[in-house]
Amino acid sequence: MALFDAFAIVDWSAANTPTTGKDSIWIALGEREEGTFRLIETVNPPTRSAAMARLRQFFRDALAADKRVFAGFDFPFGYPRGAAGAIAGTDDWSALWSFFADSVQDTDSNTNNRFEIAGRLNRDRLAFAPMFWGRPEFQDIPGLPPRRPEPYPDALPERRLSEDRARKAQPVWKMHYVGSVGSQAVTGMARLEQLRRDEEFAGKIAVWPFETGFADKLDAPITFAEIYPGLSQIEKGDKSCLDEAQVETLCEAFGRFDAEGRFEALLAAPADLQGEDKRAALMEEGWIVGLGYRLSDEVPSEHDNSGIAVPNRRLHYIREPSRIYEESFRLVREATDLSRFPEEAHDLVIRMVHACGMPEIAESLVVSEGAIAAGRAALEAGAPIITDAEMVSHGIIVSGLKQQNKIVCRLNDPRTRRIAEREATTRSAAQVDLWTDVMEGAIVAIGNAPTALFRLIERIEEGAPRPALILALPVGFVGAAESKAELLRDDRGVPFVTLPGRLGGSALAAAAVNALASGLGE
């Protein structure tokens, strides 16, 4: 059954002057009629204001004719997990859209303040992780470097889940140079949010997948979705530029798939997108239409010869989450020697091996006496879980915390930076000084910074409240082996789990917490 009557495919641009032709805005418009699809018009408006005016009229005409519209835009609809909270105050895509709608000044002549916004965010709300980069060399924007800085901040992810899967996709933090989708996202989200607020269209627009649950609720009069023409093999052909060819090809392909009842498959959640990753896609990051379908290497009909992702033609692999877990843990058990661990520690060892894919870590993993019992008792008592990095926090399966234990990470607390500057140390170590009120009887999971483990040991020696368990799994070449060796030399009376040497990481620390909370249950 077809979902939509009309289609608009938009190749966006953040240009600062009126522009047409290559690297400007292109819009392809089409309609479905009685099981077929026809392209109505392709336009190349010189400004964003002109583009929005044409789209408004297209939406207005469709609503008047009681036609449902799919509108695809080739810019990111969200930022990597955690970014919305840092920028807009809450981990919610709509807050991010509102922030940009209220902040962006985008004139009818295309001049805009996107670089100033990025610089201001780097200086203020993202001071702990100044992620934005890229600007014209002649513009001096405080806080916004012209090139990607090295080392690059890691307190927030550089890429969304969808960008990790779509390998050619650029990160949203890139504001200038070829593939600067960051500027397109800032200006695009602002324009779409303004349209959502317009009384004429308010309540008639749903943003995929945030408001539709992927393909669960596709009944709004107008559906906005993120697209990425780079997923498809599209040739310029006889068109004036590749941009024109891409919008026309996608418009015709999507409309044809819908007429044939196959478009819904491209809007459904990929079978392997589960748990916290799916929640992040639905709450913060968004997704790309068709991501997860391979490009067709066959020609299923006389039309499908453009390299467009064809629904229902997928590779053969295990998709069911429960089967994936079951088979994974079975293989881990076969490959891992659990004989030297007490039975109560088996789930933890299996989870950690599963997290890194290395059965050999079991050969050196150290689980102190009483560590498993202490950790489980702490969780059952509702004790907090303290982490040294946001990545550890994000890896913890919240649904497995039966007592809804609080997860605490103070790396980005404004006080942390002041302590770090005063003590000439890392923020990871400085935040440990802010753990006093939650450390008594807590589980401390360190999966990133050796300095955090060193400072925790110092704090315990100074008489700070004692945690119930330390998951000591910092990773790296400087201090990781040494900090864990110090804990092994003298545990200060606190049970622990650690992996001697350089190996460790946020995934291992989160896996250890998940094992204590729910064993091998998904």
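Me: Where is the place of Val181?

Reply: Val181 sits in helix α6. Helices here are DSSP runs of H or I with at least four residues, strands are runs of E with at least two, and both are numbered from the N terminus. Before we go on, some ground rules: this is a predicted model, where local features need pLDDT of at least 70 and side-chain atom pairs count only at pLDDT 80 or more, while totals for chains, interfaces and linings use all residues. Residues are numbered from 1 along each chain as its sequence is written, and side-chain values use heavy atoms, with hydrogens and water left out.

Me: Is Val181 buried or exposed?

Reply: Buried means under 20% relative accessible area, exposed means over 50%, and partly exposed is in between (1.4 Å probe, protein chains only). Val181 has a relative accessible area of 16%, so it is buried.

Me: Which residues does Val181 touch?

Reply: A contact means heavy atoms within 4.5 Å. Leaving aside residues up to four places away in sequence, Val181 touches Pro76, Gln170, Pro171, Val172 and Lys174. For Gln170, 11 residues away along the chain, the C-alpha separation from Val181 is 6.5 Å.

Me: Let me try a strand residue. What does Thr498 touch?

Reply: Thr498 is in strand β12 (residues 496-498), and its 0% relative accessibility counts as buried. Its contacts, again not counting residues up to four places away in sequence, are Ser364, Leu365, Val366, Ala472, Leu473, Lys484 and Leu488.

Me: Now a whole helix. How many residues of α3 are buried?

Reply: Helix α3 (residues 93-103) has eight of its 11 residues buried, so it is mostly covered. The buried ones are Trp93, Ala95, Leu96, Trp97, Phe99, Phe100, Ala101 and Ser103. Their cover includes α2 (83-88), α4 (114-123), α6 (181-197), β5 (205-207) and α9 (275-285).

Me: At what angle do α3 and α4 pack?

Reply: Axes are lines fitted to C-alpha atoms, for helices over the stretch in contact, and angles between N-to-C directions run from 0 to 180 degrees. Angles under 35 degrees count as roughly parallel, over 145 as roughly antiparallel, 65 to 115 as roughly perpendicular, and the rest as oblique. The axes of α3 and α4 are 11 Å apart, at an angle of about 120 degrees. That makes α3 oblique to α4. For handedness, a crossing is left-handed if the near helix is turned anticlockwise from the far one by less than a right angle, and right-handed if clockwise. The crossing of α3 and α4 is right-handed. Phe99, Phe100 and Ser103 of α3 make the contact with Ile117, Arg120 and Leu121 of α4. By class, these residues divide into four nonpolar, one polar and one charged. (Ala, Val, Leu, Ile, Met, Phe, Trp, Tyr, Cys and Pro count as nonpolar, Asp, Glu, Lys and Arg as charged, and the others, Gly among them, as polar.)

Me: How do the axes of α1 and α6 cross?

Reply: The axes of α1 (residues 48-64) and α6 come within 12 Å and cross at roughly 40 degrees. That makes α1 oblique to α6. The crossing is right-handed. Arg48, Ser49, Met52, Arg56 and Phe59 in α1 meet Thr187, Arg191, Leu192 and Leu195 in α6. This contact has four nonpolar, two polar and three charged residues.

Me: What should I look for in the backbone?

Reply: Most residues other than glycine have a negative phi, and most peptide bonds are trans. Here, the peptide bond from Glu150 to Pro151 is cis, with omega near 0 degrees, and Pro151 lies in the loop between α4 and α5 (161-165). Another cis peptide bond joins Trp208 and Pro209, with omega about -5 degrees; Pro209 is in the loop between β5 and β6 (222-226).
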